[in-house]
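User: Can you walk me through the aromatic pairs in this one, and then a helix?

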Amino acid sequence: RALQGAFSLGANDGAVQLALGPQTLDVGPYFPKAIPIRGLTANLSWLRQADGWQLSGQGVQLATPALDAYTDFRLTLPADDSPYLALLARVDLHDAGQAWRYYPRLAMGEGLTNYLTQALQHGQASGATILWDGRLNEFPYHQGSGVFQAWVPLQQAVFQFDPSWRPLSDLSLDLLFANDTL
């Protein structure tokens, strides 16, 4: 497995610049299945805080057969509370039928993950945007305590809104997922 990187470690902080070549990433319980990648580059840093840790990523670039993504994020991991995620990502989706591989299952929940896996069957999107800002245990933010938005400008899409309906095909859709609504 091709891995290049530079590390900087301190007692309470650290940083890594890494580059991975083509391989398959085992993502454990966090995503539905292992993710084949063409490449990944990232600048990551971590910092011990009074009540836990903070992990940050800048310029995280992921290239896979199904999508290319550019992401910045901050994940705060308090010792006695739910993790807090602040994330902004731009995604070019080459094969929407494979998008299910990238749904963060534990954060999105099984219901939304399963729905989207069946509903989004084909298509492409250029410049999709994902914004996530909130505590993970409060998703989907019914009380306004956080924000999840995914804007996906799908082209040539096949989408099945309901399992009892026939799929709609050759669609051009601007999908906006806001918290748990479409």
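This is a predicted model: local features need pLDDT of at least 70, side-chain atom pairs count only at pLDDT 80 or more; totals for chains, interfaces and linings use all residues.

User: Where do Trp 132 and Phe 148 lie?
Analyst: Trp 132 is in strand S9 (residues 120-135) and Phe 148 in strand S10 (residues 147-159), so the pair ties together parts 16 residues apart in sequence.

User: Are Trp 132 and Phe 148 buried or exposed?
Analyst: Trp 132 is buried, at 4% relative accessibility. Phe 148 is buried too, at 8%.

User: What about Phe 159 and Phe 161?
Analyst: Their ring centres are 4.6 Å apart and the planes are at 55°, so that pair is tilted. Phe 159 is buried at 0% relative accessibility, whereas Phe 161 is partly exposed at 31%.

User: Which residues do ring pairs link into a cluster?
Analyst: Trp 132, Phe 139, Tyr 141 and Phe 148.

User: Switching to H2. Which of its residues are buried?
Analyst: In helix H2 (residues 110-119) they are Thr 113, Leu 116 and Ala 119. These residues cover an arc of only 145° around the axis, which puts them on the same side of H2.

User: And what does the face turned away carry?
Analyst: That face of H2 has the exposed residues Gly 111 and Gln 118.

User: What covers the buried residues of H2?
Analyst: The cover includes helix H1 (105-108), S9, S10 and strand S11 (168-178).

Note on methods. Residues are numbered from 1 along each chain as its sequence is written. Side-chain values use heavy atoms; hydrogens and water are left out. Helices (H or I, at least four residues) and strands (E, at least two) are DSSP runs, numbered from the N terminus. Buried means under 20% relative accessible area, exposed over 50%, partly exposed in between (1.4 Å probe, protein chains only). Rings of Phe, Tyr and Trp (its six-membered ring) pair if their centres lie within 6.5 Å; planes under 30 degrees apart count as stacked, over 60 as edge-to-face and the rest as tilted. The arc is that of the directions from the helix axis to the C-beta atoms. Contact means heavy atoms within 4.5 Å.
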